Amino acid sequence: MKMTNESEEEKPIDMEFKLKAALKCSGSLSGEMDPSEIEKFVTSCNTDLLRRGAPPGCGAEIVKWNVAKDKIELKIVSDRFVRAHDALLRVKKELGKLLGKHRIGIRGIEIEKYKIALEWKAEGELKIHKLPFVKEIKQEKERLELLLDVDESALDKRIPDRLIRLVEDKRDAARWKGKSEHWELLFESDKKPFLFDKDPTEEMLQRDWIQHAAGRGQYIYGPQLTRIFRALEKILLDEILMPLGYKEMIFPKFVAWDVWKRSGHAKGIYPEAYYVCTPKTRDPEYWEDVMDYFKVTNEVPVDMIMGKIENVGGMCYAQCPPFWVFLQGKILANETLPITVFDRSGTSYRYESGGLHGIERLDEFHRVEIVWIGNKQQTIAHSKELREMYRHIFNDILDIEWREAWVTPWFMAQEGKAGLAELKEVGTVDYEAVLPYSDKWLEFQNVSVNGDKYPKGFSVKLQSGEELWSGCSGVGLERWAAVFLAQKGLDTENWPEKFKTIVGELPEVFKFL
Ligand code: ATP
Ligand code: ZN
Ligand code: MG
């Protein structure tokens, strides 16, 4: 891991690798070869081949070997510089050349035992219970031991290296979470008189402006709140998107796994995703038992359905990732930069579990997503311009009490971007506003500079060869409305003049008896 920031710099932790493996050959070795030939080979491995690229005195060593019929058994011990599994692959390649002279080939690798030990100064309570490709984990005070369950194909896929990276990431994440300085106040508006002290969602339910929908964390918005949402959207369009030359696009709302693999969401989205499945077949006969069950019970047999469907991805979570497929593998012409586009074509979904609260925290919500792409300097400059313009909306049109805070997601540190985050070049600005009824601050939107993360993930390049950067900003309509209504109330006569004019008269359609 490369850390650019001095204070965050970690000394490489010490590692020890112990590997017992056998190279399986196509013929018996005992008859064909003089044992001294193999002995010479092992010596040359230990003095040269397994030390290449490592500092003096470091590298890997074959500490034990044995020829048994058509197998060569090896025990390799190493440090972090030539990891034992890399050493084994080097040995396989070189030995292949030697055996070739005797018309013997190497059929494959059998791994009997592979143990990795890391010097381990874990933060706080971090306990690692389970890891993929690991049979046994021993976590002591300053040492982490992993007994691996790997075969040759796992070595080819560099699973041991990725496992080490994974536990280091877990440790860094724990360390980052424990820090408090990843939230930093950047700007604070004037104090504002609050005209309301109730929960606006409760009040809107009372007035029949909204109704609970059938799904969890989902509402049906009546004509009044819909009018307010559209007014907020219009402000965003008139004050920011049109003056800055933004063009509208329509991003997909079903997100296939390949997108989340590239955007990085596949690393952690699972507890919050809304999963999407397709039928294993659209043959009505295959589904007849399900249909019949419903017809006789009036219950949908969810368990039966689960066996007949296949997961293919999830619903829109962060909005911009599926857009990047539009640019995937392409080279952008220099003159197109900066590119500024936005999407407001549909809903986003997050499983918020017990955190659901009114229109502030929903499972289904509406958001305008703004995306800009440029070289590094353009991308950073554009985010500053956006922030200026947002300031104007919140101060002069909505007239709310709000603040801007710099937040550094821990993944930045994890991806070796701590230095960039420190310079405030890559990272997120959260916009928060106080909710008078609860005295809590709510994040209602964000502005993020994502560095080269998306262009890299989706292999997008720039004609000039310069590094391509991007940023995005998610404007949550429910959150904007929640914040405004919580501070100003539902009675339009109390609203700031400018906003009142944009909204116009709130439509009254339904009356219930
Ligand atoms: P929070 O910390 O409140 O969960 P977040 O950090 O998960 O927010 P982001 O991932 O930054 O939110 O999403 C961008 C924007 O999307 C938020 O600023 C907000 O406007 C909106 N948003 C996110 N989650 C929800 C939700 N559950 N309900 C309504 N709006 C949401
Ligand atoms: Zn985004
Ligand atoms: Mg969240």
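## Backbone geometry in the loops

Is Asp208 buried, partly exposed or exposed, and what is its relative accessible area? In this predicted model, Asp208 is partly exposed, with a relative accessible area of 32%, and the residue belongs to the loop that runs between helix 6 (200–206) and strand 8 (210–212). The phi angle of Asp208 is near 60°, which is a positive value in a residue other than glycine. Asn298 also has a positive phi, of about 65°, although Asn298 is not a glycine; its place is in the loop between helix 9 (288–297) and helix 10 (302–306), where Asn298 is exposed, with a relative accessible area of 58%.

A further point of backbone geometry concerns a proline. The peptide bond that leads from Leu337 to Pro338 is cis, with omega near -10°, and Pro338 itself lies in the loop between strand 14 and strand 15 (339–343). As background to these cases, most residues other than glycine have a negative phi, and most peptide bonds are trans.

## The zinc site

The zinc ion (ligand 2) is coordinated by the SG atom of Cys320, an OE atom of Glu369 and the SG atom of Cys472, at 2.0 to 2.4 Å. Along the sequence, the donor residues of this zinc ion follow the spacing C-x48-E-x102-C. Cys320 lies in the loop between strand 13 (309–315) and strand 14 (331–332), whereas Glu369 lies in strand 17 (residues 364–375), so the pair ties together parts that are 49 residues apart in sequence.

## The surroundings of ligand 1

There are 13 residues around ligand 1, and of these Arg350, Glu352, Arg361, Leu362 and Glu443 come nearest. Arg361, one of these five nearest residues, makes a contact through its side chain, in which an N or O atom is 2.7 Å from an oxygen atom of ligand 1.

Backbone atoms also take part in contacts with this ligand. A polar backbone atom of Gln445 is 3.3 Å from an oxygen atom of ligand 1, and in the case of Gly476 a backbone N or O atom lies 3.4 Å from an oxygen atom of the ligand.

A search of the whole structure finds one cavity of 30 Å³ or more, and the largest cavity has a volume of about 30 Å³. The residues that line the largest cavity are Ile38, Phe41, Val42, Ile62, Ile72, Leu74, Val91 and Leu95. The elements that each give two or more residues to this lining are helix 2 (35–47), strand 3 (71–78) and helix 3 (84–100).

Which element gives the most to the lining of the largest cavity? Helix 2 does, with three residues. In terms of residue class, the lining of the largest cavity consists of eight nonpolar residues, with no polar and no charged residues.

## Selected positions and their separations

Pro252 is found in the loop between strand 10 (247–249) and strand 11 (254–256), and Pro252 is partly exposed, with a relative accessible area of 40%. From C-alpha to C-alpha, Pro252 and Gly314 are 11 Å apart in space, while in sequence they are 62 residues apart.

Val447 and Thr340 are 107 residues apart in sequence and 14 Å apart in space, taken from C-alpha to C-alpha. Lys500 lies in helix 16 (residues 497–503) and, at 25% relative accessibility, counts as partly exposed. The separation in sequence between Lys500 and Val296 is 204 residues, and their C-alpha atoms are 54 Å apart in space.

Key. Residues are numbered from 1 along each chain as its sequence is written. Chains are lettered from A and ligands numbered from 1 in the order in which they are written. This is a predicted model: local features need pLDDT of at least 70, side-chain atom pairs count only at pLDDT 80 or more; totals for chains, interfaces and linings use all residues. Side-chain values use heavy atoms; hydrogens and water are left out. On a 1 Å grid over the protein atoms alone, a cavity is a set of points where a 1.4 Å probe fits but cannot get out, and a pocket is an open set with protein on both sides within 12 Å along at least five of seven lines; lining residues have an atom within 4 Å of a point. Grid points are joined across faces, edges and corners, and a volume is the space filled by probe spheres set on the points. Helices (H or I, at least four residues) and strands (E, at least two) are DSSP runs, numbered from the N terminus. Ala, Val, Leu, Ile, Met, Phe, Trp, Tyr, Cys and Pro count as nonpolar, Asp, Glu, Lys and Arg as charged, and the others, Gly among them, as polar. Donors are N, O and S atoms within 2.8 Å of the metal (3.2 Å for Na, K and Ca); water is not among the atoms, so sites may look incomplete. A residue is near a molecule or strand if one of its heavy atoms lies within 4 Å of it. A polar contact is a pair of N or O atoms within 3.5 Å; within protein, one must be able to donate a hydrogen and the other to accept it, and residues adjacent in sequence count only if both atoms are side-chain atoms. Buried means under 20% relative accessible area, exposed over 50%, partly exposed in between (1.4 Å probe, protein chains only).
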